[in-house]
Structures are given as structure tokens and as C-alpha cells.
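Good morning, and thank you for making time for this presentation. I would ask you to keep the sequence and the structure in view while I speak.

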Amino acid sequence: MLMTTKPMFDLAYDGGFGIGGFNVNNMEMTQGIIEACAESRSPVILQISKGARAYANIRFLKHIIDACVEEYPDVPICIHCDHGDTMPLMQECIDDGYTSVMMDGSHHPYDQNVEITKAAVDLAHANGVVVEGELGKLGGIEEDVVGLDAAEYEANIEQFLTDATEAKDFYAKTNIDSLAVAIGTSHGAFKFTKAPKLAFDRIEQIMETCPGLPLVMHGSSSVPKEVAAKINEFGGEMKDSMGVPEDQINMAVQKYGVCKVNVDTDYRMIMTATIREVFAKNPAEFDPRKYLGPARTEMKKMCKQKLEMLNCVGKADEVIAHWKNQGEPMPAFYEKAKAGV
Ligand SMILES: [Zn+2]
């Protein structure tokens, strides 16, 4: 069932669980995720980055997600634009039927970030769509979102974290629905050289200065050692790296109230590891179904683990009930979805 993130975050905010913001680029990845969510009875945010739009052609991806909504009417699904950065893109996503957009103005000077995020909020809210803003700087690289070098980021992490006082001002001036914060996570596969510690005290401070504002963690892949090892065992060349430990992510959602956790890299890794294994063990294989199929199965297994980590297994029905009971007026778009049309 299609919805915004609002009913999800309403419950996640003090419910001790988080919602996965999972990036999708093609049919197999999307199917792996949605099948895991359906079996685990979990709400999910399927997100599309600019890179995914360019790779897959947005019509194709949108229809794949629409198929998820049709096929799994009892799974709460939000379609989200990941790292949007211009107003024309916001308009396109809204026209395409996204229910949530991110306006990432974090690379701009503060006042400009406020200005562009506020413009996105005004446009999106008028269309019943919610907005995620971003404040602070992350390390690493995510497609065209270039953050800071791992070593530089690690050594100076304090100065890049989201400032709680600034967050309060940002929230007041923009009226965003959620905020991506820098609390020690990092984009991409090459995050840290040693085990990182998330800045839980900073999460607490931001929660205090911005009561009621759902917080989002980007760059929250764990870069599992065993998956990296498998990629390398079957001919890959992944450099050694540390991701964000799963127990820390679990603590962030369960104890500190983080509402959304973005994972992309780990899914890319499991797809790659599985496909490499098929090719290494059966070099004669040339049927894409024989390597994309197993990759989809492994992706689904990994997604189920992520949903456990986020503590959101079994939350789907609660979210749907909450959404249906919301007193606020819903645009016709959602009314139709609600009625199952
Ligand atoms: Zn991100």
C-alpha cells in the first residue's frame, strides 16, 4: 500500500524501530527487497537515486515499484527520491507519483540550504508529498554525492557532525518532515579504517532541540566481511574496509529513536558476490536468470536480516492501521490508494 513516510515515522519515532530506506536500481533488487518485506510484514521505503533514474530510465523503475504496490497491497510502501538536489527534479518526482523526496542542500552554504529546502517543502506539501532535508557532512562517496575522504573524515569527525542548535533553526525555517543527520556514518563501501562509533550523544542533543522531528541515517551499510571475502574469493578486488556495525545501527533505532536507515552498498555487494560465485563455479553459464535469480534470493535473505536489525519485523499492519485512521485530509491520490483502487 502506497503512503508517505509520515505514518511510518509517527510509529517509529518512539516505537523502538526504524524503517529501511533501500535503494533500488532494477527488477531483481526490488523484488528481493519487497519479497523480504512481505514475508517479514515490514514497512519499507523504496528509494531511487539520480543515478538509478539515469541507469534504468525512471518510467521502468517507477512501473517496477508500482508493481510492488499492486502485488503487495498489505505492505506499506513509500517511494522516495534519494539525494534530490534541484527544484525541477522535485517537480518531476512529484509528477511521477513519489510520496517522499529528499532535498539535499547540505553541500550549499547554510542559508542556501535553508532556502532550497524550504522551496522543496512548499512544493511537496502542496502535493501531499513529504520532504527529507540534510544537515552536516558525511564521509565517503555515493554515486555523484561525493563526501569526505575516509581518513580525513575519521580524524576530524567532530567538526562534520550535525549541529543540534543549527538543526533546530533549520527545522523551524524549513518545516521538513525528516532530517538526514551526520552522526558518524559514511557513504559507499570504503567507510572507515577502524570500527566507528556512532555519535549517540549528538543524536540525543538533536532529538532534544528538534522534538518530534524524525531523524535519518544515511551511509548505514555494514560492509560485511564475509560478503567482501566472497567477492574476493571469486575474483573480485574489494579493498578491506569497515562499515557501520549492525549492533550500533540497532541501538540507534531501538534506543535513540532514529526513524530511517539507508542501506545500499551491502545490497550491491551481495548481488556481486552471488553473481561472481555462479560464474566462478559454472563458467559455462550464460542465462541471466541463472545468476540474477540466485542474486535476488541472496538479496532477499540479506534484506530480512536488515529488517531484524531495524526491529521493524511485524510492524506493517500497525502502520497501515495508523495511516487509515489519520484524521488529516489526504490528497485524492492517497485516497485512491487507501481504498485499494
Ligand atoms: Zn545518502
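This is a predicted model: local features need pLDDT of at least 70, side-chain atom pairs count only at pLDDT 80 or more; totals for chains, interfaces and linings use all residues.

As general background, nonpolar side chains in soluble globular proteins tend to be buried together. Here the largest nonpolar core has 97 residues, and the members that touch the most others are I33, L46 and V101. The element that gives the most to this core is helix α14, residues 288-309, with 8 residues. If you select I33 and set aside residues up to four places away in sequence, you will find that I33 touches F22, V24, V44, L46 and C303.

I turn now to the first pair of helices. In general, two packed helices are described by the angle between their axes and the distance between the axes. Helix α5, residues 87-95, packs against helix α6, residues 110-126, at an angle of about 20°, and their axes are 10 Å apart. An angle under 35 degrees counts as roughly parallel, and α5 and α6 are therefore roughly parallel to each other. Their crossing is right-handed. On the α5 side the contact is made by M87, M90, Q91 and I94, and on the α6 side by A119, A120, L123 and A124. By class, this contact has 7 nonpolar residues, 1 polar residue and no charged residues.

One residue of this contact deserves a second look. A120 is found in helix α6. Is A120 buried or exposed? A residue counts as buried if 20 or more other C-beta atoms lie within 10 Å of its own; A120 has 30 within that distance, and so A120 is buried. Beyond residues up to four places away in sequence, A120 touches M87, M90, V101, M103 and V131. By way of contrast, Q31 is 89 residues from A120 along the chain, and their C-alpha atoms are separated by 30 Å.

Helix α1 covers residues 6-13, and 6 of its 8 residues are buried, so α1 is largely enclosed by the rest of the structure. The buried residues are K6, P7, M8, F9, L11 and A12. What covers them includes the strands β1, β3, β5 and β8, together with helix α15.

How do α1 and α15 pack, in angle and in distance between axes? The angle is about 115°, and the axes are 9 Å apart. The crossing of α1 and α15 is right-handed. P7, M8, D10 and L11 of α1 meet E318, V319, H322 and W323 of α15. By class, this contact has 5 nonpolar, 1 polar and 2 charged residues.

H322 lies in helix α15, which covers residues 316-325. H322 is partly exposed, with 17 other C-beta atoms within 10 Å. Leaving aside neighbours within four places in sequence, H322 is in contact with P7, D10 and L11. H322 and K6 are 316 residues apart in sequence, yet 9.9 Å apart in space, C-alpha to C-alpha.

Finally, consider A280, in helix α13, residues 265-281. A280 is partly exposed, with 13 other C-beta atoms within 10 Å. Apart from neighbours within four places in sequence, A280 is in contact with F234 and G235. G235 is 45 residues from A280 in sequence, and the C-alpha atoms of the two are 7.9 Å apart.

Methods
Residues are numbered from 1 along each chain as its sequence is written. A nonpolar core is a set of buried Ala, Val, Leu, Ile, Met, Phe, Trp, Tyr and Cys residues joined through C-beta atoms within 7 Å. A residue is buried if 20 or more other C-beta atoms lie within 10 Å of its own, exposed if 12 or fewer, and partly exposed in between; C-beta atoms are placed from the backbone. Helices (H or I, at least four residues) and strands (E, at least two) are DSSP runs, numbered from the N terminus. Two residues are in contact if their C-beta atoms, placed from the backbone, lie within 7 Å. Axes are lines fitted to C-alpha atoms, for helices over the stretch in contact, and angles run from 0 to 180 degrees between N-to-C directions. Angles under 35 degrees count as roughly parallel, over 145 as roughly antiparallel, 65 to 115 as roughly perpendicular and the rest as oblique. A crossing is left-handed if the near helix is turned anticlockwise from the far one by less than a right angle, and right-handed if clockwise. Ala, Val, Leu, Ile, Met, Phe, Trp, Tyr, Cys and Pro count as nonpolar, Asp, Glu, Lys and Arg as charged, and the others, Gly among them, as polar.
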